[in-house]
Amino acid sequence: MRRRLLALAGVLALAAAAAAAWQLAPHVTHATLADVLGMAERWGHSAWAAPLLLAAFVLGGLVAFPVNLLTALAIVVLGPWLGAPCALAGALLSAVAVHEIGRALPERFHARLAAPRWRHVRERILAHGVLAVAAVRIVPVAPYSVVSLAAGMLRVPRVDYIAGTALGMAPGVALYAVFADRAEAALRDPHPLAWLSLLGIVVVIIALAWFARSRHRARGVR
């Protein structure tokens, strides 16, 4: 019953969002979109753009800010070719910073890893391997910073942790970059082929997310 209620709430939220977008669409002119894209492009040309974005990733990791939003921001501001490497570097810096905090915590904090809410995180990264960390990053069982903190508290080796995080985050960042590139192309020149390519990327992202979730659940059953 709880899952059905959540599903119903999700459908209603999507319907409300679609209705709001339909009402606002006539007021969002091409000039407005051009202004937004132009502002992002001007900021991206600043010498401070990349350092500020990297700092935002580190600070965001300390307050558990969603890394996906920061990734999207970096790609929009710097473009897909520069934004994707910057986003991956920022995600790694954030992961390393929170991981080191977890390693530095006193032993009395480690007992909290036995709590039920930490169980899934603990089970996924106790293997202390590159693939174990990558799997947690691809199909997150907890927020990004929580996984980083738990990995530090569990003393996951730094090399394995960084390599696994990079391996797990790279596919998602690449998909964000492709999606942002196609979305910008569709907004700048809204012809049918541009929107069709954007729709194709969305379908690929949904399919990959569904496949990853299915594999994760299958392993959980085993």
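This is a predicted model: local features need pLDDT of at least 70, side-chain atom pairs count only at pLDDT 80 or more; totals for chains, interfaces and linings use all residues.
Helices α3 (49-62) and α4 each contribute at least two of the patch residues. Leu62 belongs to α3. Helices are DSSP runs (H or I, at least four residues), numbered from the N terminus.

Helix α4 (residues 67-104) packs on helix α7 (residues 144-153) at about 35°, the axes lying 6 Å apart. Axes were fitted to C-alpha atoms over the stretch in contact, with angles from 0 to 180 degrees between N-to-C directions. Contacts (heavy atoms within 4.5 Å) include Ala91, Leu92 and Ala95 of α4, and Ser148 and Leu149 of α7. The α4–α7 contact comprises ten nonpolar, six polar (Gly among them) and one charged residues.

One salt bridge was found in the whole structure. Glu100 pairs with Arg158, with 2.7 Å between the closest N and O atoms (cut-off: within 4 Å). Glu100 is in α4 and Arg158 in α8 (residues 158-188), so the bridge ties parts 58 residues apart in sequence.

Residues are numbered from 1 along each chain, and side-chain values use heavy atoms, without hydrogens or water. Local features required pLDDT of at least 70 and side-chain atom pairs pLDDT 80 or more, whereas totals for chains, interfaces and linings use all residues.

Key
A salt bridge is a side-chain nitrogen of Lys or Arg within 4 Å of a carboxyl oxygen of Asp or Glu.
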